[in-house]
Every structure is written in C-alpha cells, then in structure tokens.
Amino acid sequence: MTDGIDAASRLYGAGRLTEAIDACRAVLAVEPGRLDALNLLGAALFSTGQDGPARDALREAVRADPGNAAALTNFSIVLQHRQEWPAAARALRALAAVQPESAPLYSRLGTVFQEMGDLDGAIRFLVRAARLDPRSSVQWYNLGLIRMLAGDFTAAARDLHRAIAIAPEGGLASVQLGETLLRLGRLDEAAGDFRRALRLDPTASEAVNGLARCARYRAAVAQASGSGPGSEPGPRKGLAVRGALASATGYGYFCQRFIRTLRQRAVPLQAIGITGPESWQEEDLDPPVSAKALVNFLIPLAVERVPGLATVTFSMFEGTRIPPAWRRQCEHSDLVIVPTESSRMAWAAQGYPEDRLRVCPLGVDPEDSDGGAPAPTMVDSRGRLVSSYRHRFVNVSDFIPRKNIDGLLRVWLRSTARTDDAVLILKLGKGTNPAFGAELGALVRQTEEAVGKRMADAAPVVLINQLLSDADMTGLLRAATHYWSMSHGEGWDLPLSKAGALGLSLIAPRHSSYLDYLDDRVARLIPAAVRPARLPYSAQHYAPFHGLDWWDPDEDAAADILTAIIRGDDIGPPSPRDHLVQGFTWTRAAERLLAILDDAGLR
C-alpha cells in the first residue's frame with residue numbers, strides 16, 4: 001500500500017484533510033498497525049479538530065514504534081493541546097531519549113511540568129534547555145520566570161540578567177527583573193530596570209506600576225526614618241499595608257475590611273495597592289505614615305520587601321501543607337500571619353519556623369445581618385419563583401476544582417428528586433471566564449454519567465455567573481435558607497461565614513478553616529478524609545496543589561444530611577448568627593492584628 005500512503009500524504013499536504021483521513025483509513029484496513037499511516041491519520045485528525053481520535057491513532061503509532069520521533073512529537077502535541085499533562089510529559093521524556101540535545105524539547109517539558117504544578121521539575125528541564133542553547137535569551141527568560149514562581153528570587157534575577165545581556169532590546173525581561181528585585185528588597189535596582197523597560201517601551205504599564213510602588217516604598221521608608229515630609233521623632237505607631245485594594249477577591253475583601261476597621265480606630269496607616277498607582281475608592285490612604293512594618297495581605301508570591309521596614313505576610317492556605325514554593329517565598333518574611341489554626345499547621349508542616357507564625361481570625365459582617373439588602377427575584381427553569389421553595393440551598397464559589405462543584409452536584413443528584421420542595425442556588429465565578437459555559441457543561445455531563453441520573457430528574461438548580469456587589473451578594477444570601485459547602489479546603493470561606501452571620505443554616509465539611517469557627521452546636525458538619533488533590537474525574541493533580549493533599553467530604557454523609565432536611569426529619573442546630581457575630585467581629589480581628597504586631601515589636 002505504498003501508493004496509498006503516498007496519496008494520503010499528497011492529500012494532507014494539499015490541505016484536503018477529510019480525503020487524507022479516508023486514505024489513511026483505507027491503508028490501515030489492509031495493513032492494521034502501519035506506523036506511517038497511523039501517524040499521518042493522527043496529524044490529519046488533529047488538524048480537523050478531532051483531537052480525541054487523533055490521540056487514539058497516535059497512541060497506536062507510538063505503540064507500534066516507541067522510539068519513533070515523528071509519532072512521539074505529534075502525540076505529545078495532541079496531549080498538550082488536550083491538557084493531558086502527565087501523558088504529555090511521558091511522551092516528551094520518551095522523545096528526549098531519542099533527541100537528547102534538543103533545547104526546544106526540554107523547553108516544552110518545562111512548560112508541561114509547570115502546567116502540572118511541578119515547578120522544581122520545570123526548573124530542571126529549563127536549566128537543561130538553557131545550557132543546550134545558552135545564546136537564546138528566551139531560554140533564560142523562561143527559566144527566570146519559573147524560578148520566580150518557585151520562590152528562588154536570587155537565581156531568577158541572575159537568569160533574567162542573562163536574558164537582558166543577550167537581548168538588551170527586550171523590555172519585558174526588564175519588567176520581570178524589576179518585579180523580582182522588589183521581592184528581594186533591592187529597591188533602587190528595581191527602579192532602574194523599570195526605567196529601562198519604559199525607555200524601550202513607553203507604554204509598558206507594568207513598568208509604570210513598578211515605579212509607582214518604588215516611589216511609595218521610598219516615601220514609607222523616609223517617613224519611618226524620620227526624614228519624610230512632616231515626620232516627627234518618636235514612637236512609630238502607624239501601619240503600612242499592601243493589598244488588592246481594587247480587587248473583587250477574598251484577599252481584596254478582607255484587606256479592605258481590616259483597613260476600614262483600623263481607620264475607625266484612628267490607627268495611622270498608608271495603603272499601597274498591589275500594582276502601585278491604584279487607590280481605594282473610599283478615602284485617600286496614600287500619604288506615608290511612620291511605621292515599622294509593611295503588612296502584605298497577599299499570597300506569598302506577591303509579597304515585596306521594603307528596606308528599613310519589617311516584612312509581614314498575612315495569607316492563608318487551603319490544604320494540609322503549603323507548596324514548597326510558598327515556603328521559599330516566605331523566607332524573607334519576618335512574620336507570617338494566618339487566619340486559622342489549619343493554615344498555621346499547613347505552614348509548619350512544610351517546615352516553616354513556628355516562632356514566626358501567628359494566628360489572627362478574620363471577622364464577619366454583623367452590620368449586614370441587620371441591613372436591608374433585599375433578596376433578588378429569581379425564577380427557575382420551570383418558571384417557578386425560587387422564593388416559593390421551602391428549602392433553598394446556596395453555594396458561592398469560584399469555578400475551580402478546589403471548590404468541589406462536581407461533588408456538590410453529585411450529592412444534589414443523589415439526594416433530590418424533581419418533585420422535592422427544594423432548590424439549589426449556585427453562584428459560580430465572576431462572569432469573566434469565556435470558557436465557563438463549555439467547562440461547566442462538560443462537568444455536568446460527567447457528573448450525570450457518574451451518578452446515572454440527569455439533572456432534569458433532580459430538584460432544580462439556578463445558576464448565577466456574574467460579578468455581584470457586596471449589597472447584591474448579601475441579597476443573594478438572604479434568598480436562601482441554607483448555605484452548603486462541599487469544598488476540599490478553605491482558608492476562611494467568607495461567603496459561608498457571612499451567610500451564617502445572616503442567620504442561614506450552615507452545612508460544611510469538618511476540615512480546614514471551618515473547624516476554627518464552626519462546631520456541631522451551630523452547623524451540620526460533614527465528615528472528611530485527607531486525600532491527594534486531584535482534578536474532577538481524573539487521576540491528574542490539581543496544579544496549585546501538586547504533590548499535596550486536601551480533604552474529600554463524605555458524599556454519603558452529605559446526601560443523608562440533605563435528604564433529612566428536605567424530608568423534614570432534621571430541624572438542625574440553632575442559628576449560627578449569634579455565635580459568629582459575637583465571636584468573630586472585625587473589631588476583634590483588628591485588635592488581634594495590632595496585638596500581634598505590638599508583641600513582635602513591629603508597631
């Protein structure tokens with residue numbers, strides 16, 4: 001069938017892909033397992049968007065000849081496209097045995113290992129790529145970025161310097177070098193790199209933001225040293241903070257709540273945004289104050305050091321142990337503050353010094369529990385008012401694997417019937433992910449298949465996928481009777497704690513932060529077991545938790561809880577409102593934060 005495969009190759013080269021596919025299949029009908037036909041079939045199928053069949057054909061080609069470079073190359077490309085990272089890594093490593101001197105191949109391996117969350121593995125392959133092709137600025141630039149993510153800022157700065165030396169016209173490398181140097185507290189050098197980036201590209205907003213932060217840091221240092229405008233000698237009792245002031249994230253929210261509460265207590269403070277020039281809409285917090293420390297309400301990667309000020313990191317983690325990168329990124333923090341004992345244990349489990357760890361619980365919003373935010377009018381897919389259902393469950397989550405939306409939906413399918421007087425209000429994401437619909441649709445189909453039941457045969461689910469204001473979020477929570485979480489782990493869970501402060505009944509897993517502010521007296525707690533952090537319906541690790549564990553809530557127990565509520569057999573514990581509103585106020589949180597800083601001599 002040599003003429004057949006030649007004809008298929010000509011058709012493929014001419015872009016007549018459907019005919020090429022038919023020709024390859026005709027060859028394989030006569031000669032099953034023929035390598036060149038399988039390889040060409042896989043390439044043609046992939047070019048027509050049929051990546052599943054392409055993967056199957058190329059897998060057969062690799063089985064026919066495990067050392068064939070062409071088949072391994074095409075197979076790894078398809079696997080990367082499908083985001084099947086472990087399989088792509090295996091294919092690329094097999095290819096590396098055939099092409100051990102290929103720098104692009106090791107760069108691809110570095111990318112795949114980064115996607116899997118294995119930053120240390122990615123570094124090993126990118127180092128190899130850079131050594132094989134040392135005159136490529138791209139190789140050193142990529143290596144510098146991954147070292148930065150992995151928390152090795154000194155090595156990252158060295159690699160980025162090499163990238164700039166090879167290609168001095170590249171402004172992006174100068175921006176990243178400036179960002180890296182700020183992590184190391186090398187303020188003047190960082191400012192120089194940001195200025196270089198602006199000379200190369202006057203529109204580089206990241207360089208503008210970097211210079212703005214440098215200016216604010218210098219002003220803070222000058223004020224702290226007594227040389228700033230209007231500064232006076234004496235004790236430094238002010239506070240400098242940095243956070244996501246303009247961000248609709250959990251970190252942005254609790255940073256703003258701390259700032260607002262501290263201002264009410266007349267604590268002098270300066271707020272610096274995560275990018276630099278942004279300000280907080282409520283009031284001008286720019287003027288520097290006399291402070292001993294910069295408190296970063298951020299994940300460790302985003303923390304920047306300021307010479308002359310102690311570095312404090314206020315962060316949290318949702319698993320049993322923080323990633324190794326976080327451990328390295330926190331090395332230069334004089335103090336790490338976390339909101340729960342669960343997060344403290346996660347830092348300690350990765351070997352972070354316990355004498356530099358403190359716990360400061362967050363607050364809830366008691367003022368909102370008495371507020372007038374109305375519940376929105378919502379209608380389910382059957383045209384029935386949501387407010388007319390007796391049992392109204394709500395869950396507010398980012399659409400990420402850690403939130404265990406697949407587990408939530410599995411339990412809902414198992415626990416409810418179409419005729420039940422119950423509805424699930426599911427608020428997912430912030431309306432910014434263009435692939436949300438397709439990704440959720442795929443998850444729902446997998447869940448229906450796993451349970452053996454269609455969503456149409458369960459009680460209705462009302463989906464909300466848009467950014468809500470604080471007032472609208474309060475109104476949404478007021479529309480429900482129960483807040484229900486199946487999360488694999490939480491650093492705090494602001495929506496659930498707010499729902500409890502509003503008086504909703506709470507259902508949550510018995511793990512992580514929930515144990516710091518909930519117990520059986522005020523919530524229905526679902527048993528949970530420690531398990532490796534995996535993607536839904538996959539053995540693949542969830543990248544941010546690569547090699548780490550989180551908790552799997554017991555779905556049988558959760559189903560029993562929901563069934564008992566819907567049938568009226570379980571009236572549940574008393575409202576958690578008083579427990580949360582009285583025990584976890586923002587005033588108490590701010591007082592605890594100040595006490596921690598005072599005890600450490602940082603205020």
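Glu31 counts as partly exposed, at 27% relative accessibility (buried is under 20% relative accessible area, exposed is over 50%, and partly exposed is in between, with a 1.4 Å probe and protein chains only). Its partner is Arg34: the two side chains meet in a salt bridge at 3.0 Å, N to O. By salt bridge we mean a side-chain nitrogen of Lys or Arg within 4 Å of a carboxyl oxygen of Asp or Glu. Arg34 itself counts as buried, at 17% relative accessibility. A word on ground rules: this is a predicted model, so local features need pLDDT of at least 70 and side-chain atom pairs count only at pLDDT 80 or more, while totals for chains, interfaces and linings use all residues. Residues are numbered from 1 along each chain as its sequence is written, and side-chain values use heavy atoms, with hydrogens and water left out.

Side chains of opposite charge can pair when their charged atoms come close. A search of the whole structure turns up 36 salt bridges. One of them joins Glu19 to Arg16 at 2.7 Å, N to O; Glu19 is partly exposed at 38% relative accessibility, and Arg16 is partly exposed too, with a relative accessible area of 43%. Another links Glu331 with Arg327, at 1.8 Å, N to O, and here Glu331 is partly exposed at 37%. There is also a network of salt bridges, made up of Asp51, Arg55, Asp56, Arg59, Arg82 and Glu84.

Now for α3, which covers residues 35-47. Helices here are DSSP runs of H or I with at least four residues, strands are runs of E with at least two, and both are numbered from the N terminus. The 13 residues of α3 reach 18 Å from first C-alpha to last, close to the 18 Å expected at 1.5 Å a residue (the expected span is 1.5 Å times one less than the number of residues). Its buried residues are Ala37, Leu38, Asn39, Leu40, Leu41, Gly42, Ala43, Ala44 and Leu45. Just after the helix, Gly49 takes a positive phi of about 85 degrees.

Further along is α7, with 14 residues and a reach of 20 Å from its first C-alpha to its last, close to the 20 Å expected. Among the buried residues of α7 are Leu105, Tyr106, Leu109, Val112 and Phe113. The buried residues of this helix pack against α5 (69-81), α6 (85-98), α8 and α9 (137-149), where contact means heavy atoms within 4.5 Å. After the helix comes Gly117, whose phi is positive, near 90 degrees.

The loop between α7 and α8 holds Asp118. What is the nearest side chain of opposite charge to this buried residue? That would be Arg124, 4.6 Å away, and Asp118 has no salt bridge (Lys and Arg count as positive, Asp and Glu as negative, with His and the chain ends not counted). A polar atom of the Asp118 side chain does lie 2.9 Å from the backbone nitrogen of Gly121. Not counting residues up to four places away in sequence, Asp118 touches Phe113 and His546.

Ile322 sits in another loop, between β4 (310-314) and α15 (324-329). Ile322 is buried, with a relative accessible area of 0%. Leaving aside neighbours within four places in sequence, its contacts are Phe317, Arg327, Ala346, Trp347, Gln350 and Leu548.

What about disulfides, meaning pairs of cysteine sulfur atoms within 2.5 Å? A search of the whole structure finds zero. For Cys330, the nearest cysteine sulfur is that of Cys360, 16 Å away. Cys330 is buried, with a relative accessible area of 0%.

Most residues other than glycine have a negative phi. Asn404 has a positive one, about 55 degrees, and lies in the loop between β7 (391-397) and α18 (405-415); Asn404 is buried at 2%. Tyr537 also has a positive phi, near 55 degrees, in the loop between β13 (528-532) and β14 (549-553), where Tyr537 is partly exposed at 34%.

Terms used:
Disulfide = S-S within 2.5 Å. Polar contact = N/O pair within 3.5 Å; in protein donor to acceptor, adjacent residues only side chain to side chain.
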